[in-house]
Amino acid sequence: MTETTTIRRAGNRVFIAGVALLILWVLLPIWLLFVNALSAPAEVTGFPKRIIPSFNLDSLSFFFGFSGVIDALWNSVKVASVTMILSIGVGAPAGYALSRFDFPGKEVFRFLVVMTRAFPLPLLALPLAVMFIRTGLDDTILGLALVHTTLALPFAVLITYSLFSGIPLELEEAAWTLGCNRVQAFIKVILPLAAPGIAASAVFAFVISWNEVFAAAVLTIENRTLTAFLLQSLDVSPLPLKFAGGAALVLPALFFIFAVRKYLFAMWGIANR
Amino acid sequence: MPRMLPYLLLLPATAFLCLFFLYPFVQVAHDSVMRNAAYTLENFTRMAGHWKFSTAFWNTMLLAAVVVPIQLAMALTMASIVTKLQRGRSSILYIFAIPLGISDLAAGLIWLSVFEQSGFLNSLLVGLGVVDQPILLLGYQNTWVIFIAIVLAEVWRATAIMMVILVAGMGLIPKEYGEAADVFGASRWQKFRRVTLPMLKPSLQTALILRVILAFEVFAVVVALGGTQLPVLMSETYHWQFQMQERGVAAAFAMVILAVSVAFTILILRLLHVPKGARV
């Protein structure tokens, strides 16, 4: 009996060590980036590196003072916000329809949505570049947001579909019997229940757009987003600029993932269907 | 009216996907066989004739072949850990999921801070006395170091997406199956191999398709770490579209990426086929 407990304890220790190692594997690289971002430019290019930053803000102020950075940052926020609104505005009604109705063509639509996953979507930017020039959408916030919405829309549809499916139809029916019409019932009963989940999928759409590189680099010239700006200046920009830029990309992402952590499974669990 | 309602609700999304998903794919296929307003295969011959094409193609394939199995193993490990945890489950899950929200460009820059000449790896090597001087790690003399750096960055960044799908999938497996295995005296490994893995097939399918397609799209990580020293399909597509202003050839590259993506999707669907009646 004591032998098995020793074995179990040893096993537990290996398990805890493994967990600790994996946590280190995820967090250490992010820490190293922030060490660089929070050190003076001379330290960033200097050698050897220390594992604790000097908390010097010169690299960051160099980055934010660099011509075009503030604009790029602001463009990223704008594109991501429009993407967020579009993908929820277009995706949530579809998710609601899928969860509440059985109708011919439902499977075709679901197939269309699921199919988007089997295609390398950033490539869409190539033909759309021409279409946008024709329609005057080239190099605009809206044009890029439309492409990013294509990336985010399938998720928005599937997430809201699972959200609405989780809210019993009986609640809605009760509201109807009490004199609400469909729209009122939706606004007064369903929406408050679904709001946190919808917010989470909105945040997720924001993150998808915020992080996207290829389409942003292909479709924008003057109105570059932060990712496009960083990518196109990679071979000319000094190290402190790169690392401060990387940190500026990563920091919001940390908060976003924290905000939607409860919904990560709802989002990806349904990806299984 | 009520009979039309679902269609009305689906209309915006359908219209959107037709305009910005189906139409561009038809267009890019069209562009790839079009040159000077005539149908031709010249774009493809120019693409295949360029000395960088086969390097880019095989680099992309090799990266996917190395990265995806490592990620699968790590994602399965992480998902098993998260499923087993009693305390601290949500915090550890959050930490494991962090890279999910991080851009591939940022991931490239993160690993650049490790691998650049005055970076943390050189600091460690000099500190340990392995080398006397910081060495140029990401140079053209040793592209294999660039390759390893890209593999690390990709594994670091994109394992989380597989993990989350697998955790969700493990949650769907009824507990009774594991309990039954316990009754018959199965070891942990046997339980994992004979119960969890087969039951996890649908999630494995989704995770693998998603991951393999993203692996063929690898771009910003490669550019951030290797510049143009290690060409991949996506960076060549970008190069032809921009520097060369050859949209037809870029479209041909896109068709190649599309073809391998679809081929592998079908392959994974076949290999991990789950009969309809056997789903949880």
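1. Chain A is assigned two domains, domain 1 (2–58) and domain 2 (68–272), with bounds that come from an automatic or database domain assignment. This is a predicted model, in which local features need pLDDT of at least 70 and side-chain atom pairs count only at pLDDT 80 or more, while totals for chains, interfaces and linings use all residues. A word on labels: residues are numbered from 1 along each chain as its sequence is written, and chains are lettered from A and ligands numbered from 1 in the order in which they are written.

2. Taken over C-alpha atoms, the centres of domain 1 and domain 2 of chain A are 32 Å apart. Eight residues from domain 1 of chain A and seven residues from domain 2 of chain A make the contact (two residues are in contact if their C-beta atoms, placed from the backbone, lie within 7 Å). On the domain 1 side, α1 (2–37) and α2 (41–45) of chain A each supply at least two residues; helices here are DSSP runs of H or I with at least four residues, strands are E runs of at least two, and both are numbered from the N terminus. The largest share of that side, five residues, belongs to α1(A). By class, that side has six nonpolar, two polar and no charged residues (Ala, Val, Leu, Ile, Met, Phe, Trp, Tyr, Cys and Pro count as nonpolar, Asp, Glu, Lys and Arg as charged, and the others, Gly among them, as polar).

3. Now to the two chains: 70 residues of chain A are in contact with 77 residues of chain B. On the chain A side, α12(A) gives the most, with eleven residues. That side comprises 54 nonpolar, eleven polar and five charged residues.

4. Helix α12 (residues 239–259) of chain A meets helix α5 (residues 104–115) of chain B, their axes coming within 9 Å and crossing at roughly 135°. Axes are lines fitted to C-alpha atoms, for helices over the stretch in contact, and angles run from 0 to 180 degrees between N-to-C directions. The contact includes A:Phe243 and A:Leu249 of α12(A) and B:Leu109 and B:Ile110 of α5(B). By class, eight nonpolar, two polar and one charged residues take part in the contact of α12(A) with α5(B).

5. Within chain B, helix α1 (residues 5–32) and helix α13 (residues 247–271) pack at an angle of about 120°, with axes 7 Å apart. Among the residues making the contact are B:Asp31 of α1(B) and B:Arg247 of α13(B). The contact of α1(B) with α13(B) divides into six nonpolar, two polar and two charged residues.
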